[in-house]
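Please keep the sequence and the structure in view while reading.

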Amino acid sequence: MSRGKELLRYTATRLALTPIMLWLIASMVFLLLRVAPGDPVDAVLGSRASDIARTALRARLGLDQPLLTQYLVFLKKLCQGDLGQGLISEEPVSKIISQALPATIELSLSALIISILIGFAVGFSGIARPQGKVDFWGRIYGISTYAIPPFWAAILIQLFFAVKLGWLPVGGRFPPGLIAPQVSGYLILDSFLTGNLTALQGALRHLLLPASTLGILLSGIFSRALRLNLEKTLQSDHVEAARSRGISERQVILKHALPNALLPILTILGITIASLIGGVLLIEITFSWPGIALRLQEAINQRDYPVVQGIVVVIASLVVLISLAIDLVVAAIDPRVRY
Amino acid sequence: MFNSSGVALELEGFRQRYSQSPHWILNGLDFKIKSGECVALVGPSGCGKSTLAKAILQLLPQGSPSEGGLFISGQDPRQLSQAKLRKLRGKSVGLIFQDPMTRLNPLMTVGGHLLDLLQAHNPTTTYSSRKKQAEELLERVGIHKKRFLAYPHEFSGGMRQRLGIALALALNPELVIADEPTTSLDMDVANKVMAELCSQCKEIGSALLLISHDLAMAGKWCERMAILNNGKIVEEGQSRQLLINPKSKTGKTLVNAARAREGEKTPKKSQSKTVLEVNCLRSWHPLGGMLWGAPQWVKAVNNVSFQLREGEALGVVGLSGCGKSTLCKALTGLTPIRGGEVKLENQQLLTLQSKQCQKARQSLQMVFQDPLASLNPRMTIGEAISDPLLIHKIANQKKAHEKSLELLEKVGLSPASHYQKCFPRELSGGQLQRVAIARALTLNPKVLICDESVSMLDAESQAEILVLLRNLQENLGLAILFITHDLSVATGFCHKIIVLNNGHIVEEGPGIELFNQPKASITRKLIESCPRLPQENL
């Protein structure tokens, strides 16, 4: 079987397995929410509501049905693409997600770009003079970014740049006085599309602090990974062989060492993207960023079952698709990968 | 472009050491290779052969001090700027490495390697002309141009080394250095690779410096030979003369070791009880296929039967891919067995429950090809030897420690208390293989499987390890299954030999009989490709 066909078969198999994974995740979330202490009826009506009102709401939400019936109804709706309605806001969950998800994607993507830029710059400068001063401080920087708690770093950055210097806004996603452009939900992109420069400036100013904070915290992983992998690859036999053939040092690094060193970093990138959701939550809370992690936290506090279930299923789908994309990219770059 | 002096490489009192070490690895070398000449540089492991290859091309770590004269085509590479040195590498000197797999970029196609080299040295040429030249180079070393887009891992060891030759010879260098180019290849492939290398060098008029520990191979392909020991050339002369009548102490030791390794006579067969009986053994690898339809198999080992007696050495020889290593793995439980019978000390291994099987397998231990790779780099030698005892809960820490001391003495590593504390990287190849043997003996096995256990060692170490194995066999009554691609080594060491081809036994008998009257074509091929040291009367 040719490599192209092999890759296609692998992609099809992985895509066919995706619904099974999502079903398992959705079932687990459904069960965990029911097992966890607390009652959504209390969250909606408060603990002083009358029994009649409680019973009526319970019946309206279908919570009086046996657990299996509730589960089957949930699965049936999920298969139809219906994620249900929020208990508190009474809005469709899909609408809540479609409003919050672009904010998180915008923040995560910007943070990821910043982290890769900083991480690679620090990593490269370290490898240029191994064991030198830059390398030493680069390593200290890398270790510090793992060690610093994200919320603490976020508060410090907020205090310094927003409160003390007043350069950037403390929180939020868009200046309160302005009307946000409404096209795709991605404010930077929408501002470009509508040619609204004031909106673009406002959106960028709000994005800069949370995205840089998250980006800096993540950059240590990339700087360390690049430094270690590139150093190892530069000492490998095939790089020495390339040098012995008179290939220039620039080509040795760009053509022979870097592609091999980047392979494990791609896998790290996939894991980082998947773990961003957790990292984003603390940043979203600190900077009042109206993203999906913030909505998820609110929904968990309010025992808003449909919203929690919907957000988890959507996030899980994204993680599955991203990991598939990373696997395919690795397979496309590395001809040794077999499926 | 060849220089007018007619000297490709000249060393005058050349000394080289590593920056961290006060000792000179190369200590006053005087050596010359004329244009178009084929010279072999031989010597024991660690004598500085490979250091010389790297020193010539300035590939040693930065700051490694050197003294004396070093001239390549009249130029001293140490005096050249980075740009000129880069031109010298590839254009004046081509280097072929030992392990072609690790020396090729795994993410780059076969053609990509050649294009990369041609672009580096001729940046003004067009892509199409470079591609045409690269295809011609591939064809020149016997690789079809259709394989241009193949990746190194899709090539066999021999094909990869052919690519290594194409890369080294691409720019018609005046000097080609081949550093143990056939060590990782089987005899037949090695023979073909060397024939290709020598004919290509002759065709373009390049001088060849063949670095090797294999005296017979070096003697077969090079008219002149130099012996290096302790960083000095101790003897130099015509290969045949030097191999028949070595003058120096090192020369005598190396030639004697090589002759001992070749073994003139097949040892006498013992008449003792059978410890391992294999009947119609099948070990097949499944080929990837659809869920439906008949499964496809690679029949790596198919209907192989043999008996191994106490104190007997049975040689298993064959070309690469004939099923030798699968046979080892099947017997040690590392690969599934699809059918047949394996009786170890009258116990049917295949019908035993996992715990009983694990216990029974203690009687069957393995010594691997690469001793460094088979030892945990973070474990001391003492820990590595004690480990099997602790894993099987046979002894406590103290007893395991004592046992490791005893075994180290037994395999000739004395004082044992010193070696016990060493890490694998601190020992030589021969010493490491002794450690591997000691580790295999920890559980008092009845059968020892040696999978190419001497092929990575130099002639002297090979001969020492073979003597050690013979002594252990005589003292402990060990049965040895000796897997090798070298028929001459198997002939001298084993009581009986089986020749494998495509997973089948094609011929069996005492080694000397196979050598004198080979019946199977594969046996004849093995004999033809097996270089032997020249005899005085021939």
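Rings of Phe, Tyr and Trp (its six-membered ring) are taken to pair if their centres lie within 6.5 Å. Ring pairs of this kind link A:Phe30, A:Tyr71 and A:Phe74 into a cluster. The model is a predicted one, and the points below are grouped by topic.

**Domains of chain A**

- The domain assignment divides chain A into domain 1 (3–79) and domain 2 (96–301).
- Between the C-alpha centres of domain 1 of chain A and domain 2 of chain A there is a distance of 33 Å.

**Aromatic pairs**

- Over all chains, the structure holds seven aromatic pairs.
- A:Phe120 and A:Phe124 form one edge-to-face pair, with 6.5 Å from centre to centre and 85° between the planes.
- Both A:Phe120 and A:Phe124 belong to helix α5 of chain A, where they are four residues apart, about one turn of the helix.
- A:Phe120 counts as partly exposed because its relative accessibility is 22%, and A:Phe124 is likewise partly exposed, with a relative accessible area of 31%.
- A further edge-to-face pair is formed by A:Phe136 and A:Trp137, with 5.2 Å from centre to centre and 80° between the planes.
- A:Phe136 is partly exposed at 43% relative accessibility, whereas A:Trp137 counts as exposed at 56%.

**Charged ends over rings**

- In chain B, the charged end of B:Lys131 sits over the ring of B:Phe148, at 5.2 Å from the ring centre.
- The ring of B:Phe515 has the charged end of B:Arg532 over it, 4.6 Å from the ring centre.

**Backbone features in loops**

- A:Gln131 is not a glycine, yet it has a positive phi of about 65°.
- The loop that holds A:Gln131 runs between α5 (93–128) and α6 (133–147) of chain A.
- A:Gln131 has a relative accessible area of 59% and is therefore exposed, the cut-off for exposed being over 50%.
- B:Ser73, also not a glycine, has a positive phi of about 50°.
- B:Ser73 lies in the loop between β4 (66–72) and α2 (82–91) of chain B.
- B:Ser73 counts as buried because its relative accessibility is 16%, and buried means under 20%.
- The peptide bond that joins B:Ser414 and B:Pro415 is cis, with omega about 0°.
- B:Pro415 is located in the loop between α13 (397–410) and α14 (416–420) of chain B.

Definitions and conventions. Residues are numbered from 1 along each chain as its sequence is written. Chains are lettered from A and ligands numbered from 1 in the order in which they are written. This is a predicted model: local features need pLDDT of at least 70, side-chain atom pairs count only at pLDDT 80 or more; totals for chains, interfaces and linings use all residues. Side-chain values use heavy atoms; hydrogens and water are left out. Domain bounds come from an automatic or database domain assignment. Helices (H or I, at least four residues) and strands (E, at least two) are DSSP runs, numbered from the N terminus. Buried means under 20% relative accessible area, exposed over 50%, partly exposed in between (1.4 Å probe, protein chains only). Rings of Phe, Tyr and Trp (its six-membered ring) pair if their centres lie within 6.5 Å; planes under 30 degrees apart count as stacked, over 60 as edge-to-face and the rest as tilted. A charge sits over a ring if NZ of Lys or CZ of Arg is within 6 Å of the ring centre and within 35 degrees of the ring normal.
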